[in-house]
Amino acid sequence: MEAVVLVVVIVMLLSAVAVLLFKDFLAALAAMSVVSLGLSFLFVVVRAPDVAMTEAAIGAGLSSLLFALALRRLGLWRGQ
Amino acid sequence: MDILDNNTILYIAAFGLMLIGISGIVISNHLMRIIFGIALLEAGANLLLLLSTYHEGASAPIIVADNIPTMMADPVPQALVLTAIVIGVGILALALSLAIRVQRAYGTLDMREVRLKLEQEISDEAGIDMPSSSEKPDDIAKVPLNSVVQQESGS
Amino acid sequence: MSLLVLMIVLPLLTAFLLSSIDRLSTFAARVMGPLVLLATAAIGLSVWPQLGDAPLAVQWGGFQAPLGITLYADQFGLLFALAMTIGTLLLWPRSTENQLRSSSLALLLAGTGSGLALSGDLFNIYVFYELMTVVSYGLIASRGTSGSFASTLRYLVISGFGAALALAGIALVYQATGTLNLAQLAQLAPEKLNNLQGFAAFVLMLVGFGVKAELFPVNMWVPEVYATASSRVSALLAGVVSKLALLIIMRLLILVFHQPEALTVLLVLGILGVVSGELAAWRARDLNRMLAFSSIGQLGVMFIALSIPGNAGIFAALAVMVHHLFLKPSMFLLAERWGGSIKGLAGAAKTSPLGAALFVLLSLSLIGVPPLPGFWAKLLVIMPLLALDQPLYYFAAFVILAAASLEANYLFRVVMKLYEKEPAATPHNAHATLDLATAVFLGAGLVAAVFMLIPLADRLDGIAAQASDVSTYIQTVAPQPLQSGGVQ
Amino acid sequence: MRRFTAALFLLGLGVMIAAIYQHIDFSNTAVNAGQAINAVAAEETGAANFVTSVVLAYRGIDTLLELTILFTAAMIGGMVLGRRRVDAPRDPDAGFILRTGADLLFPLLLVVGLYIILHGHLTPGGGFQGGVILAAAFFLPLLARPGITLIDQRVVSLVEGLAGATFIIIGLLAMFDGKEFLTPLLDKGELGALISAGTLPILYLAVGIKVGSELAGLLAHLAEAEALD
């Protein structure tokens, strides 16, 4: 269990750094979702299923959607 | 794994997220990155709040079929984090809406430029010369509109 | 059961329903907001006298003290809850474009402001504070200019940063004590929070809640916001909302954080606030920004007052707060039509003699010229500072005096312009009747205070004494002691 | 230079955090308000999910304020972004697959969302999580067919107003009963049954509808905002 948690934390922190370093905002957004999903896993580890569900739905899902919509309106969406 | 028990790893994650978030806010100038930084900082603070009374071996604070566990996790921080996450998404949406309007008006999301243009607008409205700012970076003033955004997103 | 909760809940309910009411009748929606605030102000005033003897604790949802959320009403809290409600009523936003939304926002501001002043639970304070912040964004942005959007955005970034730090501070407090109830925290703090962790929590929360209280390093938003928001909104934010944030810091300082380092931090940040604010105000060339910077300076004086240990500090801070509460909104209302460069104000006294006379009176009180309340408020800060007999406190007293002379310099510059014989090239607008009436009303309050100085001081001293009485707070709330495996 | 200062600042911050971490005492975490709530929550509120008890009963006012924050944010979002011009360019139609997918998913998401909301007092989940799914359900058709008006704006504002008002009115009903604001009413029922925990499921339904409508509104505002030409 500890090994899994350690791996998730490392991936999460690396993605968090990547959010700030990626030049492409879409890639940064993807890294942000990875952070949210990792966080959601950690919430399960600390026995908070309600919070984990919320983080997955809001942090990884809804926030990313909001960011994506905004990036498109701001002209920072490279895939377009 | 004596030094790296579960608790330590989780605390490192929480403080690490907060530190990375703060660096994002302090170092970058582009608004989107600052918003990302705030989101990371909030995520770290949420995790810290949940960890505040975390006990290894506790079960989730839910009773399933009359089976009352001996040790349940503390439900209070969970409720608090639930609240904080929802507040966070509300403010995030607001920040993004404002960002769209500000970019439409000023043509940039670089916060230093936004600040300069804001000063300019206030001064124009008041009918006075712009106060000389000591922080005014020369390179910024010369860069044409939009190009900073493209530099950030492109290449 | 106490009707006091209605002060918070009724404005929220009305705000939710306002757009639906508007579809039925526009007139009803227009008068509904002020009427509800009148009613809640009446409720608050009716509770006021009974709080003099004993404060009141109400448990939301009827759950026991450390489990549920406490609403704690003493005269200190209720004073500012009433200030918020009545202040919103006096400064009711008048926006032509977004009237309905502005009304909803004003109602929400009154409700959350009252709740913030009366809350007795750490996380509940955080949520109230966040709601108040979001409502302020709306009020600032309701002006609809690109400048107001940009300043709101910059304000949002600073606030978001501060709020996340405050949340981390709350996490540290809960980790150490296992409770969020302020009364229980007051019981446990000497044992569990008198250490580095407690100090870190204090600093984090100070930065978080200090954003609204215009605390020194996190007040970059102040001049921009007050220059771009409408005058009524600036008056509300500078006059009342900043005091509520200060009230939170005062409560935390009285009940939870007793480290001597905490006071030093406040003192240093206060001094820096006074110096930076007054210098910037001195350099400002338009009235709105001058008032904004001077407000930073005034809040700095309040932080200095807070750093005085014991009852004297609370009393002094309260006096300065109440003085500023009357003075700043009035000044911002006068600045409504006098926006723009100070040079352009030449001869404005001719078009609005009453406004100019009032501005002179307010300036004199702000500087602290003897018979006016501002003098006594500053005296209350400086006397205990000198009595403490420590170099840093002496320095603070010196800074306040030096700031007064700077204030005199830049305010008289404005006054001289107002009474200049040569009128400016562009004609001045006279003040809107309602703005001027409100400003005169607030100014009359200041003049009245001159004649009731002794009873007023007694009353404020009583409120300060009640606010700084930790044992009464604990007894009134009476939280059940926590034990492993449940309450006793 | 700027980067260097920032790096120095962060280094200092890191050292400070490490120092604080050294002083955190992990020993006394068993004594806290949460454990006290765990001991009495089943009896006092009748909900099997104690987080729900805390969110809706013990700290119900926090939840009300949180809904108000969403309400305010949605209102300001609408105010800031404004109405779109009629002649503003629209996004292209999303194509057959997404359209059909959206049509199929809409009822499914609706049912799942409501299920999660109504079981919030028994299992993990509740008004917030379910509300997000409801928001997604109503937003999906908008994504598939840009420019359609799925629901009347007046209906939306009525629904969100009423959902918030329901929460407050349930709280006020307790006051008419002589109890404090937001005291849970009605029979607590059998622990673990669908119809139990008194007014808590009704409150969660109000929360879910409120969260769903506000978030859908925010998403729609952002999606409808005009692109930068």
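Student: So pLDDT is the predictor's confidence in each residue, from 0 to 100; what does chain A average?

Tutor: Chain A averages a pLDDT of 88, and 95% of its residues score at least 70. This is a predicted model, in which local features need pLDDT of at least 70 and side-chain atom pairs count only at pLDDT 80 or more, while totals for chains, interfaces and linings use all residues. Residues are numbered from 1 along each chain as its sequence is written, and chains are lettered from A and ligands numbered from 1 in the order in which they are written.

Student: Where in chain A is confidence lowest, and where is it highest?

Tutor: Confidence in chain A is lowest in helix α3 (residues 49-74), with a mean of 89, and highest in helix α2 (residues 25-45), at 92. Helices (H or I, at least four residues) and strands (E, at least two) are DSSP runs, numbered from the N terminus.

Student: How many helices and strands are there in chain A?

Tutor: Chain A has three helices and zero strands, and its C-alpha atoms fill a box of roughly 40 × 25 × 15 Å along the principal axes. Of its 80 residues, 51% count as buried, where buried means 20 or more other C-beta atoms within 10 Å of the residue's own, exposed means 12 or fewer, and partly exposed lies in between, with C-beta atoms placed from the backbone.

Student: And chain B, how many helices?

Tutor: Chain B has six helices and zero strands, and buried residues make up 59% of its 155 residues. Among contacts in chain B between residues at least 6 apart in sequence, 53% join residues at least 24 apart; two residues are in contact if their C-beta atoms, placed from the backbone, lie within 7 Å.

Student: How many residues of each go into the contact of B with A?

Tutor: The contact takes 44 residues from chain B and 37 residues from chain A. On the side of chain B that touches chain A, the elements giving two or more residues are α1 (6-27), α2 (31-51), α3 (75-106) and α6 (147-153) of chain B, and α3(B) gives the most, with twelve residues.

Student: What about the classes on that side of chain B?

Tutor: That side of chain B divides into 31 nonpolar, eleven polar and two charged residues. Here Ala, Val, Leu, Ile, Met, Phe, Trp, Tyr, Cys and Pro count as nonpolar, Asp, Glu, Lys and Arg as charged, and the others, Gly among them, as polar.

Student: Switching topic, which chains share the most contacts?

Tutor: Of the five pairs of chains in contact, chains C and D share the most contacts, with 45 residues of chain D in contact with 51 residues of chain C. On chain D's side, α4(D) gives the most, with 14 residues, and by class that side has 27 nonpolar, twelve polar and six charged residues. Chains A and C, however, do not touch, and their nearest C-alpha atoms are 15 Å apart.

Student: Is D:Leu13 buried, exposed or partly exposed, and what does it touch?

Tutor: D:Leu13, which is found in helix α1 of chain D, is partly exposed because 16 other C-beta atoms lie within 10 Å. Not counting residues up to four places away in sequence, D:Leu13 touches B:Leu19 and B:Ile22.

Student: Over in chain C, at what angle do α12 and α13 pack?

Tutor: α12(C) and helix α13 (residues 311-335) of chain C pack at about 170°, with their axes 9 Å apart, which makes α12(C) roughly antiparallel to α13(C). Axes are lines fitted to C-alpha atoms, for helices over the stretch in contact, and angles run from 0 to 180 degrees between N-to-C directions; angles under 35 degrees count as roughly parallel, over 145 as roughly antiparallel, 65 to 115 as roughly perpendicular and the rest as oblique.

Student: Which residues meet there?

Tutor: Among them are C:Leu291, C:Val301 and C:Met302 in α12(C), and C:Val320, C:Met321 and C:Phe332 in α13(C). The residues of this contact divide into 13 nonpolar, five polar and one charged.

Student: Last one: what should α17 of chain C span?

Tutor: At 1.5 Å a residue, the 28 residues of helix α17 (residues 391-418) of chain C should span 40 Å, and the end C-alpha atoms are 41 Å apart, which agrees; the expected span is 1.5 Å times one less than the number of residues. The buried residues of α17(C), including C:Ile400, C:Glu407 and C:Tyr410, pack against α11 (260-283), α12 (287-306), α14 (348-351), α15 (353-367) and α16 (373-387) of chain C.
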